Each structure stands twice: as structure tokens, then as C-alpha cells.
Amino acid sequence: MDWDKLRIFHAVADAGSLTHAGDQLHLSQSAVSRQVRGLEESLNTTLFHRHARGLILTEQGELLFDATRAMVKRLDAATARIRDSEEEVFGELRVTTTIGFGTLWLVPRLPQFYEKYPDLKINLMLEERVLDLPMREADVAIRMKEPSQADLIRKRLMSVHMRLYASSAYLEKHGTPQNIDDLAEHRLICQNPRSAQVSSGAKLVSDLIANKVPPLLTVNNYFGVLQGVLHNLGVGALPEYLVYDFPNLVRVLPEVESVEVPVFLAYPEELRHSQRIVAFRDFVQEEIFAYRKSLRDQPVR
């Protein structure tokens with residue numbers, strides 16, 4: 001099968017337009033169209049339904065696009081490995097993690113990373129969905145549970161707990177709850193138990209609500225919960241790592257916390273020798289070490 005025709009087919013399928021694909025490939029629309037027709041003739045099938053608004057893949061086209069997409073990802077991985085040198089770190093690194101951890105822990109630490117590696121571009125994908133690392137949806141992941149996918153190198157970074165926090169201003173005005181029953185007199189801010197989150201966090205919130213604690217505000221990620229707490233709305237269920245960057249948070253009811261939440265860093269086996277991966281892994285481990293040391297040095301809160 002003609003590799004050049006496959007490359008052009010993939011660009012058209014990805015763009016959904018002969019014109020847009022031509023712009024990306026620096027080819028005329030007619031040249032792109034000829035290559036696609038030639039591929040269809042060689043396969044004796046129709047790959048696209050053509051209509052006024054663009055192109056839609058046929059069933060046969062979908063099958064071929066799945067194959068070319070996997071090929072492109074493998075080629076990208078091979079290119080990255082070839083380009084990575086033993087002394088330089090450059091190119092793009094696609095990192096995925098949860099919205100809460102990425103926004104509240106990782107991003108504030110990236111300036112130090114860019115000081116060390118100014119030529120490396122981080123493409124940060126923050127979402128609760130677990131991306132497929134072996135299929136190269138991302139290069140490296142930080143996840144709140146041990147990855148189950150095969151062919152991954154995984155490193156346990158730390159463990160965290162979900163705990164209850166409030167601002168000092170809120171507590172001065174409304175008082176500090178002394179037991180679970182007292183929470184019924186306070187505003188609870190938490191993630192909705194049905195939203196995507198670590199299971200231990202959802203269980204803690206469910207248990208609190210079961211104690212007739214009326215939530216004032218539910219949010220679908222921890223960033224929103226944190227903002228509510230910082231703006232004196234009430235008592236929030238938040239991960240303990242926030243205490244490091246937000247020292248004004250006051251822990252409420254120290255006996256209340258979730259079960260342990262493991263934090264793992266993972267990446268595909270085939271990227272074991274990637275200098276981009278090594279640089280990011282070592283940086284995150286150094287920051288985790290500094291974070292854990294700071295907690296040991298702080299008084300119990």
C-alpha cells in the first residue's frame with residue numbers, strides 16, 4: 001500500500017476536508033483529491049461520503065483511519081525517542097492528570113521546571129478520564145490510583161487523604177465544629193458524590209451527607225471547592241496537599257479523613273529512555289520530596 005497516499009488519507013480524515021488537509025500538507029485540493037481517489041481505487045472501496053459541508057468517513061474509511069491513527073502515534077513515539085539526546089531535553093511532553101491535582105499542585109510548580117528545561121514544551125491535559133498511555137493519548141500520567149493498563153512503568157509518588165478545612169475568617173464568625181453533629185450547623189462545600197473523582201473522596205462526602213450535613217455548594221472539581229473555602233463560604237472537603245500552598249487553611253475535625261489515596265506516576269515502557277520523561281519524572285519526585293519534608297517540618301494542623 002502506498003505510504004504517501006495513506007499519509008494524505010489520514011490528514012483528510014483528521015481534518016474532515018480536502019482543503020484543510022491540503023493546507024496542512026502544502027498541497028493543492030486537486031492533488032489531495034487525486035491521491036484519495038487513487039487509494040480508493042487500489043482498495044476497491046469508498047472511504048468518504050462527500051457532501052456540501054465536508055467529508056464523512058464510511059465504515060471502511062473508519063477502519064482504515066483507526067489503523068493510520070495507530071501508525072501515526074507509533075511514528076510519533078519513535079520520532080520522539082530518536083530526537084531525545086542524552087544531554088538535551090526538548091520537544092513536546094504530553095502530561096495528563098486530574099483537574100484538581102494539575103491545577104492546584106502541578107501547575108504552580110512548573111515555573112521551576114521551565115527554568116531547568118526552557119526548550120521543553122508541556123502539553124498539560126487536565127481531566128478525570130483516564131487516558132490510554134499505551135495508545136499514546138498522553139506520554140506520562142499522574143493518577144490518583146495505581147494504573148491497571150499493561151506495558152506501563154509506574155512509580156508511587158506519595159499518598160494523600162481528603163480532609164475538612166475552613167478559612168480562619170469563617171471559623172471566627174461561625175465557630176469551630178467540635179464533632180460530626182456540629183457540622184449540621186455549618187455550610188459544607190464538597191464535590192458531588194456522583195461526579196468523577198477518587199472513590200475515597202466520594203465515600204467521605206457520602207458519609208458526611210449521611211450524617212445530615214446539608215451541603216451548601218457542590219462542585220465537580222476540587223478547584224471550585226477550594227475557592228469556596230478561601231472565600232469564607234463554609235467547611236470544605238479537600239486533599240491535604242493544599243495545606244502546603246495555602247497555609248491559611250485551618251483543618252476542622254482532625255479525626256475525620258478519607259482512606260489513603262495513592263498517587264502514581266506512569267508512562268509507557270517504550271518511553272523508558274526518553275530524556276523528556278526522565279526530566280519530568282525526576283522533577284516531580286524532587287518536588288514531592290520537598291513537599292513531604294515541609295509537612296514533616298510543619299506543626300501538626
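I looked up Glu 287 and found it in helix α11; helices (H or I, at least four residues) and strands (E, at least two) are DSSP runs, numbered from the N terminus. The model is predicted, so I note that local features need pLDDT of at least 70 and side-chain atom pairs count only at pLDDT 80 or more, while totals for chains, interfaces and linings use all residues. Residues are numbered from 1 along each chain as its sequence is written, and side-chain values use heavy atoms, with hydrogens and water left out.

**Entry 1: Glu 287.** Is Glu 287 buried or exposed? I find Glu 287 buried, at a relative accessible area of 17%; buried means under 20% relative accessible area, exposed over 50% and partly exposed in between (1.4 Å probe, protein chains only). With neighbours within four places in sequence left aside, Glu 287 is in contact with Trp 105, Arg 109 and Gln 112, where contact means heavy atoms within 4.5 Å.

**Entry 2: helix α2.** Which residues of α2 are buried? I list Leu 18, Ala 21, Gly 22 and Leu 25. They lie on the same side of α2 because they cover an arc of only 100° around the axis, the arc being that of the directions from the helix axis to the C-beta atoms. Those buried residues pack against α1 (3-15), α3 and β2 (54-57). On the face turned away from the buried side, I find the exposed residues Asp 23 and Gln 24.

**Entry 3: positive phi.** I recorded a positive phi of about 60° for His 26, although this residue is not a glycine. His 26 sits in the loop between α2 (18-25) and α3 (29-43) and is exposed, with a relative accessible area of 72%. Leu 253, also not a glycine, has a positive phi near 50°. Leu 253 belongs to strand β11 (residues 249-257) and is buried, with a relative accessible area of 3%.
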